[in-house]
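Have a look at this one with me when you get a minute. I've jotted down some notes to read alongside the picture.

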Amino acid sequence: MSQPSTQPFDLCPNYQESTKAKTTIPREQKKRKAEESSTEAASVQHLRPGMVLLKGFVKPEDQIGMVSMCRQLGKGLGGFYRPSLKNGAKLNLWMMSLGKNWDPTARSYGPTRPFDGAQAPTIPDAFKMIAQTANSTASEFPQINPDICIVNYYTNSGKLGLHQDKDESESSLTKGLPFISISIGDTAEFMFGDTRDKDQATKINLESGDILILGGESRLLFHGVSHVKTNTAPSWLKEETGIRPGRINLTFRQY
């Protein structure tokens, strides 16, 4: 099996150009644009027992900060790589594990990546705070102390088939502790259902700033991404960060 590439992957290759462009636009005007592009207050949508969607929950300035931090971490040791499955096929995304490394081949967690020995970077406190605030806002779930954050970057051709997140500890799964999923960038068509049959799956749009939480009865729900919608990221996010076209997904869990 071929080893994943460990060449640094830059999430925001246009960052320098973006920074230069910002100097021509007053800061207050930028701030107004961000505020006008965001929802005034996040809406809480209960999609089914154990599944809650917080629309527009992550503030624009926090989205910008998360992209910047993901870029920084992603270029360093333990940063983004394109993972492979047991059969050698590569996943249609770039991945980085924070807190603990997740090995998609062995479907297990550990402190380091087996293919290069890199240690999983620490989860930034600011990331944890956003996830835990969302956890409290949803109210129907027990509070978690996330020690795992899997960051996936999908290009506009990226997708992920229906699957269950069930590699956490038996205690975590038995208690139905939630996982908390944050979307940033282009809109994704997210699918979910009680089986792996994609024709029977329900589909919803996850937009930049949305947070989806699955726990309790829905903790082992099948879910995936059917496709990413081109040119749907907020203009202010692209302008401020130089982010590549596509979508970042950060999923927080407690092992």
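Here are my points, going from the whole chain down to a single residue.

1. First, keep in mind that this is a predicted model, not an experimental one. The average pLDDT over the protein chain is 90, and 88% of the residues reach at least 70.

2. Two stretches need some care. Residues 18-26 have a pLDDT below 50, and beyond near neighbours in sequence that stretch has 10 contacts in the model. Residues 36-40 also fall below 50, with 4 contacts counted in that way.

3. Now the overall make-up. The protein chain has 6 helices and 13 strands. Of its 255 residues, 49% are buried. The chain exposes about 12,200 Å², and carbon and sulfur atoms supply 49% of that area.

4. How does the chain link up with itself? Take the contacts between residues at least 6 apart in sequence: 77% of them join residues at least 24 apart. When you trace the chain on screen, look for contacts between pieces that sit at least 24 residues apart in sequence.

5. Next, a sheet to find in the picture. It's an open sheet of 4 strands, in the order β7-β12-β9-β10, and the pairing is antiparallel. Which strands stand at the edges? They are β7 (160-163) and β10 (202-206); each has a single partner strand, so one side of each is left without a neighbour in the sheet. From one strand to the next, the twist averages 25°.

6. Zoom in on one pair from that sheet. Strand β9 covers residues 188-193 and pairs with β10 in the antiparallel sense, over 5 bridges. For a place to start, pick Ala188: its bridge partner in β10 is Leu206. As a reminder, strands of a sheet pair through backbone hydrogen bonds, either parallel or antiparallel.

7. Is Ser157 buried or exposed? Its relative accessibility is 53%, and exposed means over 50%, so Ser157 counts as exposed. The side chain of Ser157 makes a polar contact with the side chain of Thr155, at 3.0 Å. Also compare Ser157 with Thr230: they're 73 residues apart in sequence, while their C-alpha atoms are 8.9 Å apart in space.

Key. Residues numbered from 1 in each chain as written. Predicted model: local features only at pLDDT ≥ 70, side-chain atom pairs only at ≥ 80, totals over all residues. Heavy atoms only, no water. Pairing = 2+ DSSP bridges. Helix = DSSP H or I, 4+ residues; strand = E, 2+ residues; numbered from the N terminus. Axes fitted to C-alpha atoms, helices over the stretch in contact; angles between N-to-C directions. pLDDT = per-residue confidence, 0-100. Contact = heavy atoms within 4.5 Å. Buried < 20%, exposed > 50% of the residue type's maximum accessible area, 1.4 Å probe, protein only. Areas by Shrake-Rupley, 256 points an atom, 1.4 Å probe, with all protein chains shown as cover. Polar contact = N/O pair within 3.5 Å; in protein donor to acceptor, adjacent residues only side chain to side chain.
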